[in-house]
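Thank you all for coming; I would like to walk slowly through one structure this morning. Please keep the picture in view while I talk.

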Amino acid sequence: MHRFPLALFCVLAGGSCLSGCSQGDTSAKYTPSPADAESAVETVLDAWKAGIPAGPVPDTSPLINLTDSYRKNGETLKEYEILGEVPGDLQRCYAVNLSFDQPREEQAKFVVVGIDPLWVFRLEDYQLLTHWDHNMLADPPGENGESQ
């Protein structure tokens with residue numbers, strides 16, 4: 001599982017608190033344009049198709065990072081379709097149809113935050129991060145097969 005850097009967490013948590021506590025909208029400083037956000041989602045999905053694991057996407061400028069702890073090991077993304085931005089509490093959230101080699105399909109949502117770097121989160125990872133939590137199923141078992 002890709003661990004969240006402390007600095008990113010502070011930016012996200014601080015931006016959330018400040019936007020609710022101040023008169024100005026500080027979250028706009030961390031919200032990419034719709035074109036940049038959709039391009040970032042396309043870039044991380046193309047990287048996935050190419051077999052690149054979640055994390056920093058090589059050769060991107062600005063740097064694009066993907067956090068997706070819900071990927072299944074060994075599962076290859078065959079095709080995807082970005083359905084578009086979806087309404088809600090989050091700016092820059094995109095619905096995507098994913099098709100895998102096995103054959104299996106699912107719909108996922110990805111949130112894009114930041115300007116430089118850009119961070120793309122699977123919606124569930126973003127929600128866990130903003131609630132100070134993590135995906136318990138992604139933790140590796142201990143030596144005796146027990147959860148740590």
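Predicted model: local features only at pLDDT ≥ 70, side-chain atom pairs only at ≥ 80, totals over all residues.

**A walk through the fold**

Let me begin just after helix α3, where W132 takes a positive phi of about 55°; helices here are DSSP runs of H or I with at least four residues, strands are runs of E with at least two, and both are numbered from the N terminus. Residues are numbered from 1 along each chain as its sequence is written, and side-chain values use heavy atoms, with hydrogens and water left out.

Staying with helix α3, its buried residues are L123, D125, Y126, L128 and L129, where buried means under 20% relative accessible area, exposed means over 50%, and partly exposed lies in between, using a 1.4 Å probe and protein chains only. The side chain of D125 is joined to that of S69 by a polar contact of 2.5 Å, a polar contact being a pair of N or O atoms within 3.5 Å where, within protein, one must be able to donate a hydrogen and the other to accept it, and where residues adjacent in sequence count only if both atoms are side-chain atoms. S69 itself sits in the loop between β2 and β3, and is counted as buried because its relative accessible area is 16%.

Now to the sheet: in which order do its six strands lie? The sheet is open, with mixed pairing, and the order is β1-β2-β6-β5-β4-β3; two strands pair if DSSP finds at least two bridges between them. Strands β1 (55-57) and β3 (77-85) stand at the edges with a single partner strand each, so one side of each is left without a neighbour in the sheet. Within the sheet, β4 (residues 93-100) and β5 (residues 104-113) pair in the antiparallel sense over eight bridges, and the bridge partner of Y94 in β5 is F110.
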